[in-house]
Amino acid sequence: MHKTTLEQWGLLDQVVRLGSFAKAAEATNRSQSSVSYNLGLLQSRLGVELLRQVGRRAELTPSGQVLLTQVRPLLSAFDYVETRAQSMRGGVRSRLDLVVDSIFPRALLFSVLRQFQQRHPYTQVNLTEVLENHVDINTDADVMILSRRQDITGRGEWLMNIDFVAVAHRDHPLHQIIPFPGEDALSRYPQVRIAELDGALDTHQISATEFWTFSTFEAAIEAVLYQVGYGWLPQERIAGHLAAGILKILPLPHGVKRATPLHLIVKKDLTSPDQVVQTLTTLFKQATSGAEC
């Protein structure tokens, strides 16, 4: 068994923060003698002097300063547990499952999650990023942002479009041909593609003699940067490379830009979305309103 209790350390913390036994007793709704007794018991069981009286104010000894500094994170954690339990009793959702298509802009995603955490600090978000046509999409998630709506059980609405642009490294042979000969020139070089995404780019397909397929956007972007080939990449993800002139848009006569729609979907079983779900969906709508990606 432990020799001391969190209650005793909490009283010590109150005495130090408020400066006196009387004020600590008032703040904790107990008698001054009860505070004095518990702190005396705490010091006795530790065998260490924690407090000393300096004038009318109670101050920590050097040993007390060291020990209380180590205990305070435990006090904060315990307060958090009790507050979270109270929110659970009040019916507040403790967990929310969120599935997001990996083409959704990261800056917008984490901005939304930060604001959500500030409003609902006791709700844990379980985030899963997926590719558009991934067969293992968790359709039981509470909220989904996906580029397809078919076969998804839930109420969905258009959220935003993600633009893909045809690019190659500035030193790629395609950018050295002046004037650009047209789409036929593309067939001479590998096209970098993202696995399972091509169906979402619902426009005419360029006939390439060779495709290099990558499982993540990061890998596909790196491949184009290293001149493995050219490809249609999310404009928002490569904005920095375009601005720096490292990647350049291919001067195709048409099909340079392709838009993929994203939809915000709420689980069908949530016939009446709770306040937590409503907050998250509202934040996503606000973040994407007028966004150009």
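1. Helices (H or I, at least four residues) and strands (E, at least two) are DSSP runs numbered from the N terminus. A word on conventions before the rest: this is a predicted model, where local features need pLDDT of at least 70 and side-chain atom pairs count only at pLDDT 80 or more, while totals for chains, interfaces and linings use all residues. Residues are numbered from 1 along each chain as its sequence is written, and side-chain values use heavy atoms, with hydrogens and water left out.

2. Now the overall picture. The protein has eight helices and eleven strands. Of its 293 residues, 43% are buried, where buried means under 20% relative accessible area, exposed over 50%, and partly exposed in between (1.4 Å probe, protein chains only).

3. Strand β3 (residues 95–101) deserves a look: six of its seven residues are buried. Two strands pair if DSSP finds at least two bridges between them. β3 pairs in the parallel sense with strand β4 (residues 124–130) over seven bridges, and L98 stands opposite L127 in β4. With strand β5 (residues 143–146), β3 pairs in the parallel sense over three bridges; here V99 stands opposite M144.

4. On to charges. The structure holds nine salt bridges, each a side-chain nitrogen of Lys or Arg within 4 Å of a carboxyl oxygen of Asp or Glu. In one of them, R17 meets D13, with the closest N and O atoms 2.8 Å apart. R17 and D13 are four residues apart in helix α1 (residues 6–18), so about one helical turn separates them. R17 is exposed at 52% relative accessible area, whereas D13 is buried at 9%.

5. E129 and R106 form a salt bridge (3.0 Å, N to O). This one links distant parts of the chain, as E129 lies in strand β4 and R106 in helix α5, 23 residues apart. Both ends are partly exposed: E129 has 33% relative accessibility and R106 has 30%.

6. Which residues do salt bridges that share partners join into one network? E236 and R237 meet in a salt bridge at 3.9 Å, N to O; E236 is partly exposed at 28%, while R237 is buried at 18%. Through shared partners, salt bridges join R106, E129, E218, E236 and R237 into one network.
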